[in-house]
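Take a look at the structure below, then try each task before you read its solution.

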Amino acid sequence: MTTTLDPPVPIGKAAVGALGLLALFTGALESVVSPTIPLLERELDMSQSEGALLSIVLLISGALITPLAGMFGDRYGGKRVLIRLMAVVAVGGTVSALAPNLPVLLLGQVLQGAMVGALPLSFIVVRKNLPPGESRVAIGVVSGLFVGGGMVGMLSAGPVAEELSRHWMFALPTIAVVGATLLVNRLMPSDRPGGSDDAGIDWPGLLLLSGMLVTLMLVLALAPEAASQPLVLGALVVFLAVFVAGWVSVERRAASPVIDLHMLARPAIWKACALTFVICLGTSMAAYLVPQLLDERGDGYGFSASATEIGFLLLPGAVAATLAGPLGGIGDRRFGSRAVVNTGVVMMAVSLVVLASVHTEVWHVVVGKALIALASGLCVTAMTTSTATAVDAKDTGIATSLILVSRVLGYAVGGQLGGALLTAATPSGSEVAAESAYVTGFVIAGVVTSLALFVTRTMPKGVKECPSPIS
């Protein structure tokens, strides 16, 4: 006996707006830790190594949960999985807000990592309930608001923690996430499940991927101290190679892999993942170096800005990042993904190189950061929207989760590289990094970003979109 499913109900602007609000608030909750690591180290009596662990645990958790979320969303329905996932995020935010010590805060961050999986689930819902052209714009809006939310969290975390307490910097966005989730649950129609319930979970692949990501983060964290701990770093590199080889072997044979290597092998997918990783690596280096430069108190460089002043100076970048989402979606629909990505890559690479040579005035840094944020948002949005609409609707979650994992890894690697540069350029007993470290960092970020042009040359001008269920 077969069950006849009702056709999907087209969604309106209010439902897309609710998804956008959810993306905004989850982005804010995701980013509150990074700018407040020094404060948390003081209040929780943490060492710098513990602070580094706290800064990456959400990324690791998110990178693991995202492909599972996309797979389950394709299989059981995006809205159904999204609501349950956001319940986990709300619990994680509450645990983080009430945490009396580091172990409890780490647990909260692990649970909060589920929020990264919300984006592919949102894309599934949008793709199944909107016509092709409108789905591109809606995905761009949701992506842009998530990025903008991240900037809002970075701007507001410091003032909230200083004026109220560290507990409220987690509590306020968590409350907002709960409200937005309830709004999505009410306004968003349920989407049709697209897969079989019989497919299992690739636990060996998930465990190996976990080991691979944790080892990678440890290698990056210990890289600046390679001279003092060469054996430890060498052993970690060997472990990383073993995890990668084992994971690839397991995923090739798995019936329902965590990350579908066959899909990843498609030119459109692996090129989008490579571009996203490279662009986010460059963006992350700039995102780390710019606030440090604004805070720097060097002889002839730096601006000695306070936390509140830094937040204000980063505001144009937050606005640019927010606008980049819908602009990227519109540009992808009108001109094609290659044109949008090429424009963004050139803009970002030029901005980084110019910033390396000209950073003597505050406005140099502010304008440079805003252009970098705009360019990065255009590129990532174009990659996400073109990937989401280039595969069958039933594969939307899996395909976009690959892009988001690439984004997470790019940000993690770029941030660690930026930190390693400043650490290596800070003399013993001093807290001031040499100006050359900033110049080198911006130049490296610009060069790495420009490498994306070698990949975009082989991309088609536009991606033919697979039809949605209601087109």
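Helices are runs assigned by DSSP of at least four residues, numbered from the N terminus. Keep in mind that this is a predicted model.

**Exercise 1. Find Thr174 and decide whether it is buried or exposed.**

Step 1: Locate the residue. Thr174 belongs to helix 8.

Step 2: Recall the cut-off. Buried means under 20% relative accessible area.

Step 3: Apply it. Thr174 has a relative accessible area of 6%, so Thr174 is buried.

Step 4: Look at the surroundings. Leaving out residues up to four places away in sequence, Thr174 touches Leu29, Ala90, Gly93 and Thr94.

**Exercise 2. Describe helix 4, and say which residues in helix 4 are buried.**

Step 1: Start with the length. Helix 4 covers residues 78-98, which is 21 residues.

Step 2: Check the span. From the first C-alpha to the last, helix 4 reaches 30 Å, close to the 30 Å expected at 1.5 Å a residue.

Step 3: List the buried positions. They are Gly78, Lys79, Val81, Leu82, Leu85, Met86, Val89, Ala90, Gly92, Gly93, Ser96 and Ala97.

Step 4: Think about the spacing. An α-helix has 3.6 residues a turn, so residues three or four places apart point the same way.

Step 5: Link back to Exercise 1. Ala90 and Gly93 are among the residues that Thr174 touches.

**Exercise 3. How many salt bridges does the structure hold, and which residue does Arg166 pair with?**

Step 1: Count. There is one salt bridge in the structure.

Step 2: Name the partners. Arg166 pairs with Glu43, and their closest N and O atoms are 3.1 Å apart.

Step 3: Arg166 lies in helix 8 and Glu43 in helix 2 (residues 37-43), so the pair ties together parts that are 123 residues apart in sequence.

Step 4: Arg166 is buried at 8% relative accessible area, while Glu43 is partly exposed at 47%.

Step 5: Find the other neighbours. Not counting residues up to four places away in sequence, the contacts of Arg166 include Leu39, Leu40, Leu44, Ala99, Pro100 and Ala161.

**Exercise 4. Which residues form the nonpolar patch on the surface?**

Step 1: Name the members. Phe312, Leu315, Val319, Leu323 and Leu327 make up the patch, with about 490 Å² of accessible area together.

Step 2: Ask where they come from. Helix 14 (residues 315-335) gives the most, with four residues.

Step 3: Take one example. Leu315 sits in helix 14, and Leu315 is partly exposed, with a relative accessible area of 41%.

**Exercise 5. Sum up the whole protein, and say where confidence is lowest and highest among the helices.**

Step 1: Describe the fold elements. The protein has 19 helices and zero strands.

Step 2: Of the 471 residues, 55% are buried. The protein exposes about 19,700 Å², and carbon and sulfur atoms supply 67% of this area.

Step 3: Read the confidence. The average pLDDT is 78, and 83% of the residues score at least 70. Helix 3 (residues 48-76) has the lowest mean, 71, and helix 18 (residues 435-450) has the highest, 91.

Step 4: Where pLDDT is low, the predicted coordinates should not be read in detail.

How values were computed
Residues numbered from 1 in each chain as written. Predicted model: local features only at pLDDT ≥ 70, side-chain atom pairs only at ≥ 80, totals over all residues. Heavy atoms only, no water. Patch = residues over 30% accessible without salt bridge, like charges linked within 9 Å, V, L, I, M, F, W, Y side chains within 5 Å. Areas by Shrake-Rupley, 256 points an atom, 1.4 Å probe, with all protein chains shown as cover. Salt bridge = Lys/Arg side-chain N within 4 Å of Asp/Glu carboxyl O. Helix = DSSP H or I, 4+ residues; strand = E, 2+ residues; numbered from the N terminus. Buried < 20%, exposed > 50% of the residue type's maximum accessible area, 1.4 Å probe, protein only. Contact = heavy atoms within 4.5 Å. Expected span 1.5 Å × (residues − 1). pLDDT = per-residue confidence, 0-100.
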